[in-house]
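Student: I should like to work through this model step by step. May we begin with the overall fold and then turn to the details?

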Amino acid sequence: MQDVFEDGPKRDRRLWLGDLRLQALAKIANDKEIRKYQDKLTLISDYAKNNLYNAEKNMFVTNGDEYNIASQVWMVLAHVMDDETNQKIMKTAIHELFPIKNIATPYMYHHIVEAIFEAGLKEEAVQLMKDYWGKMLSLGADTYWEAFDPDQTDYSPYGSPIVNSYCHEWSCTPVYLLSKYM
C-alpha cells in the first residue's frame, strides 16, 4: 500500500476500497496492527475530503475540473463521506453524469448500482438495472453478457462481438444486488 497518494489522473480510488477491506480483514483476524490500518484509512479519507471533494458541485474531482461516475462510485462505496453527503453525491452524479457513456461492462455497472443502493436511492438503482440489464434482455439475451454498451449493441473490447462471452459471471450481479438491498 502506498504512503503517498498523488493527485492526478493516474491515482486509483479503489485504494480506498482496498484499505477498508484490509481494515475489516485485520479486525476479523484480530491483527495487532489494526491501529496502523485505521490511521492510514483516516489519512486517506481526510485527503479525499479536503482535496478531492468539491462541496459546491457535490462530487469528487477526477482530474482538474473533470468529474466522472467512477470517482463518485468508489468514494461512496468506501463511505468516505457520511450517509447524507453520499446521497447528495449520487443524486448529483445521476443528474450530471447520466446517461452513462463510455462504460461498456456490467462489472462497472454493478459498482454504480451498488453505490446508488448504498446512498439509499433504491428506485434509481433498480431503474438503472432495468435500463442496462433490461436492454440486454430486450435484445434477446437469456444470460448476461461480458461486455455491453447500450448505445453500441455490437460493442466488443476484443474488436469483434463474436469473441465476447455471452454468459459471463461478473454480469449476473443484479441477483446479488437485489438479494442484498431489496
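Student: In what order do the elements of the chain run from the N terminus on?

Tutor: This is a predicted model, and its chain holds seven helices and two strands. Read from the N terminus, the order of these elements is α-α-β-β-α-α-α-α-α.

Student: What is the mean pLDDT of the chain?

Tutor: Of the residues in the chain, 84% reach a pLDDT of 70 or more. Over residues 1-14, however, the pLDDT is below 50, although this stretch has 26 contacts in the model beyond near neighbours in sequence. Where pLDDT is low, the predicted coordinates should not be read in detail. For the chain, the mean pLDDT is 86.

Student: How are H5 and H6 oriented to each other?

Tutor: Helix H5 spans residues 106-118 and helix H6 residues 122-138; their axes lie 8 Å apart and the packing angle is about 160°. Angles over 145 degrees count as roughly antiparallel. H5 and H6 are therefore roughly antiparallel.

Student: How many nonpolar residues has the contact of H5 with H6?

Tutor: The crossing of these two helices is left-handed. Residues of H5 in the contact include Tyr109, Ile112, Val113 and Phe117, and those of H6 include Leu128, Met129, Trp133 and Met136. By class, the contact has two charged residues, one polar residue and, as nonpolar residues, 13.

Student: How are H3 and H4 oriented to each other?

Tutor: The axes of H3 and helix H4, the latter covering residues 83-97, come within 10 Å and cross at roughly 165°. The crossing is left-handed. Because angles over 145 degrees count as roughly antiparallel, H3 and H4 are roughly antiparallel.

Student: How many charged residues are in the contact of H3 with H4?

Tutor: H3 contributes Ile69, Gln72, Val73, Met75 and Val76, while H4 contributes Asn86, Ile89, Met90, Ala93 and Leu97. These residues divide into eight nonpolar and two polar, and the number of charged residues is none.

Student: Is Asp65 buried or exposed?

Tutor: Asp65 is found in the loop between strand E2 (59-60) and helix H3 (69-77). Its C-alpha atom is separated by 9.7 Å from that of Asn54, eleven residues apart along the chain. The relative accessibility of Asp65 is 56%. Since over 50% means exposed, Asp65 counts as exposed.

Student: What percentage of contacts between residues at least 6 apart in sequence join residues at least 24 apart?

Tutor: The chain has 182 residues, and buried residues make up 43% of them. Among contacts between residues at least 6 apart in sequence, the share joining residues at least 24 apart is 57%.

Conventions. Residues numbered from 1 in each chain as written. Predicted model: local features only at pLDDT ≥ 70, side-chain atom pairs only at ≥ 80, totals over all residues. Heavy atoms only, no water. pLDDT = per-residue confidence, 0-100. Contact = heavy atoms within 4.5 Å. Axes fitted to C-alpha atoms, helices over the stretch in contact; angles between N-to-C directions. Helix = DSSP H or I, 4+ residues; strand = E, 2+ residues; numbered from the N terminus. Parallel < 35°, antiparallel > 145°, perpendicular 65-115°, else oblique. Left-handed = near helix turned anticlockwise from the far one by under 90°. Nonpolar A, V, L, I, M, F, W, Y, C, P; charged D, E, K, R; others polar. Buried < 20%, exposed > 50% of the residue type's maximum accessible area, 1.4 Å probe, protein only.
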